[in-house]
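Subject: Model handover

Hi,

Here is the structure I promised to pass on.

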Protein chains: 2
Amino acid sequence: MSTHNFGIAIHGGAGTILKSEMTPEKENNYKAALEKALQAGYDCLENGKTAMEAVEAAIIELENSPLFNAGRGAVFNAKGQHEMDASIMDGKTLHAGAVAAVRNLKNPISLATKVLHHSDHILLMGEGAAEFAKQFEIEFESDEYFFDQYRYDQWQKIKGTDNFQLDHSKKEKKYLGTVGAVALDKDGNLAAGTSTGGMTNKKFGRIGDSALIGLGTYANNKTCAISCTGSGEYLMRAVTAYDVSSRMEYKGLNLKDAVNESIMDRLTEIGGDGGLVAMDKDGNIEMPFNCEGMYRASKNAQQTVVEIYR
Amino acid sequence: MSTHNFGIAIHGGAGTILKSEMTPEKENNYKAALEKALQAGYDCLENGKTAMEAVEAAIIELENSPLFNAGRGAVFNAKGQHEMDASIMDGKTLHAGAVAAVRNLKNPISLATKVLHHSDHILLMGEGAAEFAKQFEIEFESDEYFFDQYRYDQWQKIKGTDNFQLDHSKKEKKYLGTVGAVALDKDGNLAAGTSTGGMTNKKFGRIGDSALIGLGTYANNKTCAISCTGSGEYLMRAVTAYDVSSRMEYKGLNLKDAVNESIMDRLTEIGGDGGLVAMDKDGNIEMPFNCEGMYRASKNAQQTVVEIYR
C-alpha cells in the first residue's frame, strides 16, 4: 500500500439522547451536519493534507453548526455568556495547543491551533487568550451570532440556581454536544482535537476536560489519537485520553481493547458517563460510549458510518 | 505493623540551581524552610490526620515562605500581577480540586481543597474561582504581601519583552520553585498537591501543569502519589504525573523504575527539564530530577532527608 490507511472519526457529544425527543427531521439535521464535517475532514486527507489540518477542518464545521455545543451552538453560562474551551494535539511532534474560557471566537479550535504553532505555551485562558488571538487573523463574532433560542430557554430554566447541565442528577442529565475529531493522514500521522461550550449555567470559571491535553484530547503516533465527550469531571479524574494511550503502550492492548477498558470499565466504575472517538496508527477506528447515544461518524477508504444511537 | 508506613515528601522546585549563586546562608534558609514544611506535614500524619491534610499543611508552609515561587513568593506576570495555580488529589476517592490564575489568595492550595470538597467541578479559574472562594473563610492578601524585591528585579529585567522565565534558552533557564507534596497516611491513603506562581513575565493567561490533574498532580491508592516541577509545557505534553501511575498499573513497574522512566527517559527525550516527588502505597519515596538540582525533603519513621543538589 502506497499510503497509510487514512481516515477520520468525529463526534458531536455523548449522553442521554432520548429517542422520544428526537423527530426524524431533527435526526436528519444532525446526521447531515455530521456528514458535512466528516467530509470536510476527509477531503483534506484525500488531498494529502495533514491529520492536524483534517481535524481542524472537521471541527470548524461542527463549531459553525448551531446543533452542537461548541462555537456557534455554545450554551449559556451562569452570566448568560458563551465561554468556550478547545484543544488540539499533533501525534507526530507531541505538540499541543489549547484555550479555555474564550468568548466571541468563531472557531476556538483555530485559536488552539495557533497556540500550538506560535506559542511556547500549551494552554491559554480567558482574556489572555483573546489578547494572543489578536496577533493573528482570527474571526470574532458578536453575541448575537451565538444566540440560540433553544439554548437560551435551557438556561432560563435553571438560571439563578446552583444547577448546571450536564449535571449529576440522573433525571435531568442532558449531555450537550461537545465536538471532536481524530484523524490519520496519508503520511501515517495522527492528530486529535476537541471543542466545547461547556455546561449550561456553569459558574466560577469552570474548565472541563475539553481544554486539557491528556484528559479530553491526546495524540501520539506511537499509540493513538483520542477525543472525549461526556461528564467532564469524571473524564478528568480518569485522565481518560491518556489512559487509552497508556493501556496500548504499557499493557500492549490493541485500540479496541484499550478504549473498552477506559470507557466501559474505568469511566463506568467511577460513575462517569461518556464516550470518545479513537484512531490508531494503522487506521483502526473505535467510537465507544457507555451512555444512550453519541453523535458520531467516521470515514475511510472502506466505509462511511454516521450514527447516533447504539 | 499496626499502621501503614506513613510519610511525606515535598519539593520546592527543580531546575538549574547554580551552586555558584548559592551562599551557605541562603542554603541554610532554604533547608530550614523545607524542614518547617516537612515537619508540618509529618506532624499531621503522626497525629493520625489524613494524607490530604498533611499535603495541604506542608504546602501552606511552602506558600507562606517568600523563598519559593508559590503563594507569598509568587513571581510577577507580564502585568506585574501574581497569578497562581494549585491542585490537589485524593488517592482514596480519586476526587480532585484545582484553581488556575487566582490572585491575592494567601493559600491557593486551600482553595483547591475547597473545590475538591465543595464543588462538582475540578478546575476553577480566575475571577470565577475568587467568587467561589467567597463562600468560605479563605484568606486574601494585598499585593504588598506578595511583593518581593528579588522577584520584582527579575521581572524588570525582562518586562516588555517576549521572554519569560522559566524559558527555553539554556543560558537564562532558572526554574523558580513551584512547590508540592505527596503523603501516605496511617490508613494507607495517598494524596498529592502542587502550587505555583508560574513564570516571571508570563502572558496571555498561561496555565501550566501545576493546576492540572494527571499532568502536574496525581494520586491513586492503587499506584502512587505524584507532584511535578520543572518545564511545565513538557510535563503537560508527557502527561507526567499520570504517566508514572500508568507505568506502575499497566506495566507492573515498581515506583523507582516508573519515576525513572517518566523523568529520566520520557521527559528527557522530549527535551523537558524537571523532577517530581513520589510515594507509593507501601510508603516508598522517590524524588528524581533530570536537572542540576531540586529543593526536596522527605520524612518517615526511618529517615529524614533534606537536599538541594544531587
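In β12(B), B:G293, B:Y295, B:A297 and B:K299 point one way, while B:M294, B:R296, B:S298 and B:N300 point the other way, and all are buried. Buried here is under 20% relative accessible area, with exposed over 50% and partly exposed in between (1.4 Å probe, protein chains only). The strand covers residues 293-300 of chain B, and eight of its eight residues are buried. Strands and helices are DSSP runs numbered from the N terminus (E, at least two residues, for strands; H or I, at least four, for helices).

Before I go on: this is a predicted model, so local features need pLDDT of at least 70 and side-chain atom pairs count only at pLDDT 80 or more, whereas totals for chains, interfaces and linings use all residues. Residues are numbered from 1 along each chain as its sequence is written, chains are lettered from A and ligands numbered from 1 in the order in which they are written, and side-chain values use heavy atoms, leaving out hydrogens and water.

Back to β12(B), which has partners. Strand β1 of chain B (residues 7-15) runs antiparallel to β12(B), joined by seven bridges; two strands pair if DSSP finds at least two bridges between them. B:I8 sits opposite B:K299. β13(B) (residues 304-309) is also antiparallel to β12(B), through five bridges, with B:A297 opposite B:V306. β12(B) and β13(B) make a hairpin with three residues between them.

Now the interface. Chain A and chain B each put 45 residues into the contact (heavy atoms within 4.5 Å). About 4,000 Å² is buried between them, 64% of it from carbon and sulfur atoms; that is the accessible area (1.4 Å probe) the two parts lose on being put together, summed over both. A:F204, A:R237 and A:Y250 supply 21% of what chain A buries against chain B, more than any other three residues.

There are two salt bridges between the chains (a side-chain nitrogen of Lys or Arg within 4 Å of a carboxyl oxygen of Asp or Glu). A:E249 and B:R266 meet in a salt bridge at 2.5 Å, N to O. On the side of chain A that touches chain B, α8(A) gives the largest share, seven residues.

β4(A) and β7(B) (residues 206-207) run antiparallel with two bridges, and A:L123 stands opposite B:I207.

Cheers
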